[in-house]
Amino acid sequence: MKVIRPLLSLTLTLLKKTTLMEEVIMKKVIGGLMGLKNKTKEPKEVAGWLVKLKKVNEGMYEEYLVKYKSLTE
């Protein structure tokens, strides 16, 4: 929960200033990261959403990629 809690609060703050597409993609990435932490998701499921996020918001992509790598190592 240490990784996800600050990530979730930061993302919820940022969601207020994003488009609907970005919001949906970020929610999917957050859910995927939580699923990785709980071992209910596979890394390939989250990787697809990360690729989509990179197309719409590269800054958030880089932040989530760091979290993704820490959970998949």
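**Entry 1: helix α2**

I began with α2 and looked up its buried residues, where buried means under 20% relative accessible area, exposed over 50%, and partly exposed in between (1.4 Å probe, protein chains only). In α2 these are E22, I25, M26, V29, I30, G32, L33, G35 and L36. A note to myself: this is a predicted model, in which local features need pLDDT of at least 70 and side-chain atom pairs count only at pLDDT 80 or more, while totals for chains, interfaces and linings use all residues. Residues are numbered from 1 along each chain as its sequence is written, and side-chain values use heavy atoms, with hydrogens and water left out.

Helices here (H or I, at least four residues), like strands (E, at least two), are DSSP runs numbered from the N terminus. I checked the span of α2: its 19 residues reach 27 Å from first C-alpha to last, close to the 27 Å expected at 1.5 Å a residue. The expected span is 1.5 Å times one less than the number of residues. Just after α2, I found K39 with a positive phi of about 65°.

**Entry 2: E22**

Is E22 buried or exposed? I see a relative accessible area of 11%, so E22 is buried. Leaving out residues up to four places away in sequence, E22 touches V56 and N57; contact means heavy atoms within 4.5 Å.

**Entry 3: helix α3**

Next I turned to α3, residues 43–56. Its 14 residues should span 20 Å, and the end C-alpha atoms are 21 Å apart, which agrees. The buried residues of α3 are V46, L50 and L53. They cover an arc of only 60° around the axis, so they sit on the same side of α3; the arc is that of the directions from the helix axis to the C-beta atoms. On the face turned away from that buried side I found the exposed residues K44 and K55.

What covers the buried residues of α3? The cover includes α2 (20–38) and α4 (58–72).

**Entry 4: α2 against α4**

I then looked at how α2 and α4 pack: the angle is about 15° and the axes are 10 Å apart. Axes are lines fitted to C-alpha atoms, for helices over the stretch in contact, and angles run from 0 to 180 degrees between N-to-C directions. That makes α2 roughly parallel to α4, as angles under 35 degrees count as roughly parallel, over 145 as roughly antiparallel, 65 to 115 as roughly perpendicular and the rest as oblique. On the α2 side the contact is made by M26, V29, I30, L33, L36 and K37, and on the α4 side by M60, Y64, K67, Y68, L71 and T72.
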